[in-house]
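Thanks for making time this morning.

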Amino acid sequence: METTTPDHVLKNAEELRWQLPQNLHDRIAESIYGEAARIAAENVTREGQTRRLRWQQRLDRLLTHPLTAFPIMILILGAVLWITITGANVPSGMLANLLIDHGHPLVSDTLTAAHAPEWLRGLLADGVYLATAWVIAVMLPPMAIFFPCFTLLEDFGFLPRVAFNLDRIFQKVGAHGKQALTMTMGLGCNAAGVVATRIIDSPRERLIAIITNNFSLCNGRWPTQILMASIFLGALAPKAWAGTISALAVLAVALLGFGFAMLTSWFLARTVLRGEATSFSLELPPYRPPSFWKTLYTSLIDRTLIVLWRAIVFAAPAGAAIWLCANINLGDQSIAAWFINFTEPLAWLMGLTGVILLAYVVAIPANEIVIPTILMLTVLVTGAGGGAGAGVMFEPDSTDVVRSILHAGGWTTLTAVCLMLFSLCHNPCSTTIYTIYKETRSWKWTAVSTFLPLIIGVALCILTAAIWRMLA
Amino acid sequence: MNPFNRASASSQRIQLEDALKHLLDYEQTNRGTTVESLAGALAIPRPDAAEILGRLRSRGLAKAAGITHHLTEDGRIYAIQVVRTHRLYETWLARETSTPAEDWHKEAHKAEHHIGSAKADELANLLNNPRFDPHGDTIPTREGHMPKREFTDLASWPDGQSARIEHLEDEPESLFREIQTLALAPDTLIETPRHLEDGSVKALIEGRNVLIPARLTTLIHLAATTEDDGKPELRRLSDLAIGDTAVVHALAPACTGNERRRLLDLGLVPGTRITCEFPSPFGSPRSYMIRGALIALRDHQAERILIEAPVSQSTSETTSAQ
């Protein structure tokens, strides 16, 4: 090393380079972090309590204790459902009375008075207006109750504890711990849940979370579940227990959805999306009393109205489509009747009816309009509901009327159970599908997310119907 | 070894490149490549191996000396380029993706034939010109420099003398998976190793007594520890009892890439006081108080965080780690 020409220096450096410890970069980075922390600790004074408060510790112990954690979680989810179901009945009836009993004749008469041709009156009043009015009446009250309840729980700090408690299951199936959070978000809206998966850094685990998000019952599907449970399952129990039984049935479907999400995640993490579980850290924020009115306001504006608006935007054209389906004849039958007759054999196998399958095709834009569509189509096919015109629904202001229409459509308890299952497991709505494409930028994964739940749903319904018919 | 259609031109190139790697491997270990050794390494019939060597000769990449074959200068440059791509790709998989460790080799083996040298240089830039791949193999530099290194494996390492892991053999895959489950990585310290009668080795690794089965001992290559390895008594965060407090000493070498960055970002840096608060109903994850925030970590991660007993301070802290 006597000579110091540039070449020698470079050669020397090249040789010394290999003698440094292997993880030199990591060690340097670590000591920089450590030094920064030391400087901060010397120069920053902190005020206030750093130890956790006693009541917070006690509450954490209760909410994460092996014996109490899960009963409490299920109890709270069940309570939210029960409040939503029982609380939504009265305002729903009032809205239906206002928008349909009084609003529909008004719109219809106005159009007639304006000398609109009969087909235009039918399309606008019986198609577009009625579908939209129905969506508002069916959806607004449960959403206005469900979303604020959820936001309150989130603000209080309960949801992160749910993710904490459930994490071991996510570990076992090879999914990311934060998937618990995106799944609870999916309980509100799957499109929102899919966007929320951005909190997961690893692309592999994020894809799993995206594909399985559809198994979280979204807000558009809660009304279907709730209506089916209260008309067909609650009715099996004595009147005093009807509400509880319905809530339990809906809860069971929601938990089944969780089970399917875990099963699918497990399957994906062991086949096409194999990989290491990446590190995850979940902050458990201190409990704080939620600011009630602020939460109510923001969840109404940010969630309820946005989701409702989306539903209306999709319901109006769907209403037109339903009316056209029902009123354009090909040969001796309407388009709707053709489709319904054609799919009836498959529908029977699945324990459903052709009307339901058609409703799910029409309702791809939004799950919210499934029930209104089913009612309209049932009226069309059976002529029930007071001799109204094709594709028109009258006086759906109480569950009694809905019940009589559905019974006229040949529905049984099996139909309701299979509809609840199919509502849980079918393709996501078009907004969610589009969101999945935007988030993954892959047609392949979008297709998987779309068809995987549909295939599971069809299989599940066929299996359920077969077993039911065997036992009955 | 080769799942591709033998007739296609790209599969021919893949075979040539694999043969070059074999020649380079034997050159590094001062052995001469023969038709038999190549046939064994690529799992192909001997006539095929002989034909490949013929093709290498005709393209000026290898030359024959008696029954053995050696790389020409051109052949060596080519082979080193393929090895460089392979190891860079493995490093990238380990640091930036969540590909399971046992798949690194397989994936890199596929990628090395498709990634050109320009792309490999890009990869090197992205990774800050790493010197070692995740197994501890040296990554050849842009100029093709790759020092030879000599290791002693754990099987022949003297009892009682602490060592540092320098290199891990990544084949066979199933055994490498076992090494991974023991969380051994290059730079991991193996303290006071002791050979047992059945050939397995018992050692203190990151505060835990670990039994390394005999079948793994020849795959683990060691070097003597340097002086700066003198450490206080270490434990792993996952072994901290609930309610106890400790101080972070360092993150384990097995914790790399994104995982390491995330833990550092959380404030898990040397000197941070950390208290284990409460477990989840299933035991893992557990929640820890770190710098005033309650953070849940899975045991799998907490194992990678090395802690020491806190230096007693004149605070109201009554709990101690020991």
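This is a predicted model: local features need pLDDT of at least 70, side-chain atom pairs count only at pLDDT 80 or more; totals for chains, interfaces and linings use all residues.

Let me begin at Ala359(A), which, once its neighbours within four places in sequence are left aside, is in contact with Val370(A), Thr373(A), Ile374(A) and Leu377(A); contact here says that the C-beta atoms of two residues, placed from the backbone, lie within 7 Å. Ala359(A) and Ile322(A) are the residues that touch the most other members of the largest nonpolar core, which has 179 residues. Such a core is a set of buried Ala, Val, Leu, Ile, Met, Phe, Trp, Tyr and Cys residues joined through C-beta atoms within 7 Å, and a residue is buried if 20 or more other C-beta atoms lie within 10 Å of its own, exposed if 12 or fewer, and partly exposed in between. The largest share of this core, 19 residues, comes from helix H5 (residues 118–156) of chain A.

Residues are numbered from 1 along each chain as its sequence is written, and chains are lettered from A and ligands numbered from 1 in the order in which they are written.

The pLDDT, the predictor's confidence in each residue on a scale from 0 to 100, averages 84 in chain A, where 93% of the residues score at least 70. Please be careful with residues 385–397 of chain A, where the pLDDT is below 50, although the model gives this stretch 43 contacts beyond near neighbours in sequence.

As for chain A as a whole, it has 19 helices and three strands, these being DSSP runs numbered from the N terminus, with helices (H or I) of at least four residues and strands (E) of at least two. Its C-alpha atoms fill a box of roughly 105 × 55 × 55 Å along the principal axes, and buried residues make up 47% of its 472 residues. Helix H10 (residues 222–233) of chain A is mostly covered, with 11 of its 12 residues buried, among them Trp222(A), Met228(A) and Phe232(A).

Turning to the two chains together, the contact takes 41 residues from chain A and 44 residues from chain B. On the chain B side, the largest share, six residues, comes from H9(B). Strand E1 (residues 281–283) of chain A is joined to E13(B) by three bridges, and the two run antiparallel; strands pair if DSSP finds at least two bridges between them. Within this pairing, Ser281(A) stands opposite Leu297(B).

I will close with some backbone details in chain B. Most residues other than glycine have a negative phi, and most peptide bonds are trans. Ser284(B) and Pro285(B) are joined by a cis peptide bond, with omega about 0°, and Pro285(B) is found in the loop between strand E11 (273–279) and strand E12 (286–290) of chain B. Thr192(B), which is not a glycine, has a positive phi of about 40° and lies in strand E5 (residues 189–195) of chain B.
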